[in-house]
Amino acid sequence: MPAALTLRTVRATRYVLPLREGGSMPGLVEADDDGLYVVKFRGAGQGPKALVAEVVAGELARAAGLRVPEIVLMDVDPVIAAAEPDPEIQELVQGSGGLNAALDFLPGALPFTPAAPAGVSAHVAAAVVWFDALVANVDRTPRNPNMLVWHGNLWLIDHGAALYRHHAAAWPEGAAAAPFPQIADHALLPFADPIDRVDAALAGRLTPEAVGAAVAAVPDLWLGRDPPAERDAYVTYLQERLAAPRAFAAEAEEARRGRA
Ligand SMILES: Nc1ncnc2c1ncn2[C@@H]1O[C@H](COP(=O)(O)OP(=O)(O)O)[C@@H](O)[C@H]1O
Ligand SMILES: [Mg+2]
């Protein structure tokens, strides 16, 4: 059994406003613990696999020692959409009854900008590049960095596009060994230490227990007909990528040198 990692479950009490920056229309939602959360709705166009990626990649990043806002499960009763004048939001919330993924809202956080890279040491930059190469995250580009600077530190958000090969019919066959050339577009590549400098320490933190726990945190509701088999596929994919020698780390380092 993987080490326990229990995500808190909170209940949505009020839909506050939509965050329209990206594509999935997450909502700022208040919960019954009086907290404010950024909710990724299960009924959004990206489908429930985006929520799986949010939890699995988010918790793996945390296990690797990177900063990620607390992830909780948000139980949504569609009635909270009743007061919403926007039919698009109504439809989204109505299609998302039950558990959704939510990140603790960081008040006053600023978006990371490559032009003025605050809060990022070369070491942290290398760690984030390494991590995004591991989970094949296509959404950390200069135009769409999905990083916030909060109280002087870098925080990672929005892992919905990670593990993108899980959308393919053949998943997970061959997926772990497939190249990830998109790492060349990573927003932190120009600021990163050599990736091999962080490789062993980060891989050492992502033990089989850590991988198992991140995958076990995904609720059955977001998976298909055979949740145990689907969980196994994520574990297999990640363990294969994490096995030495880690081709993704070498690929990321090659991309970094190409930039230098
Ligand atoms: N935990 C958070 N704290 C503060 N702001 C956030 C947080 N999560 C997301 N945001 C803001 O909301 C925007 C959209 O969220 P994001 O997770 O990137 O969703 P998507 O890109 O799929 O629409 C982000 O670009 C950021 O400005
Ligand atoms: Mg985003």
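**Notes on the ligand and metal sites**

1. A polar side-chain atom of aspartate 158 lies 2.8 Å from an oxygen atom of ligand 1. Taken alone, ligand 1 exposes 540 Å², and the protein buries 89% of that. The model is a predicted one, and every distance here should be read with that in mind.

2. Two further polar approaches to ligand 1 can be listed. A polar side-chain atom of lysine 40 is 3.1 Å from an oxygen atom of the ligand. At aspartate 104 it is a backbone N or O atom that lies 2.8 Å from a nitrogen atom of ligand 1.

3. Where does ligand 1 sit? Its place is the largest pocket. There are 17 residues around ligand 1, and those that come nearest are Ser24, Asp104, Leu106, Asn146 and Asp158. Strand 3 (36–40) supplies at least two residues of the shell around the ligand, and so does strand 5 (98–104).

4. Which residues coordinate the magnesium ion (ligand 2)? They are Asn146, through OD1, and Asp158, through OD, at 2.0 to 2.2 Å. The pair links distant parts of the chain, with the two residues 12 apart. Asparagine 146 belongs to the loop between helix 3 (122–134) and strand 7 (147–150), whereas aspartate 158 belongs to the loop between strand 8 (153–156) and helix 4 (196–205). Both residues are also among those that come nearest to ligand 1.

5. Is asparagine 146 buried or exposed? Its relative accessible area is 11%. The cut-off for buried is under 20%, so asparagine 146 counts as buried.

6. Arginine 140 is placed in the loop between helix 3 and strand 7. This arginine has 1% relative accessibility and therefore counts as buried. Its side chain and that of aspartate 132 are joined by a polar contact of 2.8 Å. A polar atom of the arginine 140 side chain also lies 3.1 Å from the backbone oxygen of asparagine 146.

7. Alanine 122 is in helix 3.

Notes. Residues numbered from 1 in each chain as written. Chains lettered and ligands numbered in written order. Predicted model: local features only at pLDDT ≥ 70, side-chain atom pairs only at ≥ 80, totals over all residues. Heavy atoms only, no water. Donors = N, O, S within 2.8 Å, 3.2 Å for Na, K, Ca; no water. Helix = DSSP H or I, 4+ residues; strand = E, 2+ residues; numbered from the N terminus. Buried < 20%, exposed > 50% of the residue type's maximum accessible area, 1.4 Å probe, protein only. Near = heavy atom within 4 Å. Polar contact = N/O pair within 3.5 Å; in protein donor to acceptor, adjacent residues only side chain to side chain. Areas by Shrake-Rupley, 256 points an atom, 1.4 Å probe, with all protein chains shown as cover. 1 Å grid on protein atoms, 1.4 Å probe; cavity = no way out; pocket = protein on both sides within 12 Å on 5 of 7 lines; lining within 4 Å. Sits in = over half its atoms within 2 Å of the grid points.
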